[in-house]
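Reader: I'd like to learn how to read the interface between two chains. Could you walk me through it?

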Amino acid sequence: MMIYLTALATGAMFGAGLVVSGMTDPANIQGFLDVTGAWRPHLALVMIAAIAVALPFFQWVLPRLSKPVYGASFLAPLSTAIDQRLVLGAAIFGIGWGVSGLCPGPAIAGIAYLEPQIFGFLAAMLIGMRLADRLLSPSAKA
Amino acid sequence: MIATSIFGGLLIGLASVCLMLFAGRIAGISSIVYRAIFQLKFESWALTFVIGLVLGPLLVAALNGPAAPVFDLAWWQVALGGLLVGFGSRLGSGCTSGHGVCGISRGSARSVVATLTFMVTGVITVFIMGMVL
């Protein structure tokens, strides 16, 4: 039960952060990526601030803990391989991010606006995920 | 603009810390959405996180007044962007949050490479769109 409440509360905090920081506005994202045009660099601060909070925790606090407050164990990605799949996937992701000014977090948070384009984006995103599954299966599953 | 960017970023960082500290999970939104939709049987907490992700903005709107951004993308941008973001995040095992915030904070070389890669292709994409459109 507590894991659900934790997920709900942290999801809400994350979603509030996305709105407050301006990440849910596609024009801000595209402005941030438009380094040769009307660059809006302030979104870099969002990432820097988030890392400034998360990095000390992951580096110095987490290694001293044996298990989460609610739940059996800490789960983190095991893979350390920097392979074609990672780079190609990230490259494709970046193109989609630039084309639309949206990524998964802001798109989900954007449901709150009941904006048709958000629902269109999410539907396309889920199809894209399934296409990747089809391409990857059955050899490699993340 | 600067203050709200920093404050929003702090909230995102704190949420990522709390999800790991209390639930033991990485706040990678693309994976969480994937689980909430396609693997709910195994990771049912993911759906409550997604619900929270929608409630957060509503909470901000309730406190601050509604301030929905203007969505004036062309529909081809919506469709192509969504398709590529979904495909790429699944293939590359993460997105802006999982690689860009949590992964970098964990000191994962994979995430540093992924983040630099999607930043570069994002910049190139916006540059090309600026030339063509």
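Reader: How many residue pairs are in polar contact between chain B and chain A?

Author: A polar contact is a pair of N or O atoms within 3.5 Å; within protein, one must be able to donate a hydrogen and the other to accept it, and residues adjacent in sequence count only if both atoms are side-chain atoms. Between chain B and chain A there are 21 such residue pairs, both residues at pLDDT 80 or more. This is a predicted model, where local features need pLDDT of at least 70, side-chain atom pairs count only at pLDDT 80 or more, and totals for chains, interfaces and linings use all residues. Residues are numbered from 1 along each chain as its sequence is written, chains are lettered from A and ligands numbered from 1 in the order in which they are written, and side-chain values use heavy atoms, without hydrogens and water.

Reader: And which side chains meet in a salt bridge?

Author: Look for a side-chain nitrogen of Lys or Arg within 4 Å of a carboxyl oxygen of Asp or Glu. The count between chain B and chain A is 1: Asp133(A) pairs with Arg90(B) at 2.7 Å, N to O.

Reader: How much area do chain B and chain A bury between them?

Author: Buried area is the accessible area (1.4 Å probe) that two parts lose on being put together, summed over both. Here the two chains bury about 9,000 Å², 79% of it on carbon and sulfur atoms. On the chain B side, Phe71(B), Leu91(B) and Arg110(B) lose the most area to chain A, together 9% of what that side buries.
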